[in-house]
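Trainee: I want to learn how to read a pocket in a protein model. Can you walk me through one?

Mentor: Gladly. Let us look at it together.

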Amino acid sequence: MKVKLNKVSVFAVLAGVISFTFLVAALATDFWYQIDASGLEGFTNLTGSVKFHRGLWRTCQFNRTCLPMVNPFKSKTANMTTSRKNVLYLHGAFVVLLPLSLIIIILGGMAGILSIFTQAFCLMLFTGVLFLLGALVTLLGVNIYIAYSAALFKHVASFQGRKKFMENLNIQFGWSLAFVWVSIGADLLTGLAFILMAKMVGQKRRWDNFI
């Protein structure tokens, strides 16, 4: 039992570190979306690079400057259209949820290390639930970000007044978004590993009490 518990503990720690590392990398980089606007050159006033990449906090031209996104909490919505308001609401949701998921992972990591050293059943179970909650919050944040981006592109297309605006854009998911999916998977594995450890510790205690 001890050997198996140690192996599961090592697996949980490694998965937790992977989850944290990939989520931090995803939040800190600007390659959630990659946009090629070459198809718009003929009927827009685009100058310079027509390739962009977007993150959570800013939009950048390849090998050029970056522009920060509008702060959704300081924008005045009184004179905005409904579609623009919806974009801002989605923006505000994911900029809260995704950093919150990172905080949950950090708390889960602290609780997890303590539970491994103390072999505390309740703390291990609590840690597992925390990591599963972190995965859920991250997944929700990613889905909202994707919905936000779709709503934003649609809003820009309607603002431009061109029905075929989106057809001339080449939009692809970037590696930053892939990092988030790795983090979510590692979160799930970490949470399940801690729940498994809690079950193993509980069985050992019941066995010791029986003897």
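Trainee: What volume does the second largest pocket have?

Mentor: Start with the general idea. Rolling a probe the size of a water molecule over the atoms shows where empty space is left. Now the case here, in a predicted model. The second largest pocket comes to about 230 Å³. Its lining has 15 residues. Closest to the centre are Gly 16, Val 17, Gly 109, Ile 113 and Phe 131.

Trainee: Which helices each supply at least two residues of that lining?

Mentor: Helix H1 (2–28), helix H2 (82–118) and helix H4 (175–210) do. H2 gives the most, with seven residues.

Trainee: How many of the lining residues are nonpolar, polar or charged?

Mentor: Eleven are nonpolar and four are polar. None is charged.

Trainee: Now the whole chain. Which pattern does it follow along the sequence?

Mentor: It reads α-β-β-β-β-α-α-β-α. That makes four helices and five strands.

Trainee: What share of the chain counts as buried?

Mentor: Buried means under 20% relative accessible area. By that cut-off, 40% of the 211 residues are buried. The chain exposes about 12100 Å². Carbon and sulfur atoms supply 68% of that area.

Trainee: And the contacts: what percentage join residues at least 24 apart?

Mentor: Take contacts between residues at least 6 apart in sequence. Of these, 69% join residues at least 24 apart.

Terms used:
Residues are numbered from 1 along each chain as its sequence is written. This is a predicted model: local features need pLDDT of at least 70, side-chain atom pairs count only at pLDDT 80 or more; totals for chains, interfaces and linings use all residues. Side-chain values use heavy atoms; hydrogens and water are left out. On a 1 Å grid over the protein atoms alone, a cavity is a set of points where a 1.4 Å probe fits but cannot get out, and a pocket is an open set with protein on both sides within 12 Å along at least five of seven lines; lining residues have an atom within 4 Å of a point. Grid points are joined across faces, edges and corners, and a volume is the space filled by probe spheres set on the points. Ala, Val, Leu, Ile, Met, Phe, Trp, Tyr, Cys and Pro count as nonpolar, Asp, Glu, Lys and Arg as charged, and the others, Gly among them, as polar. Buried means under 20% relative accessible area, exposed over 50%, partly exposed in between (1.4 Å probe, protein chains only). Contact means heavy atoms within 4.5 Å. Accessible areas come from the Shrake-Rupley method with a 1.4 Å probe; for residues, only the protein chains shown count as cover.
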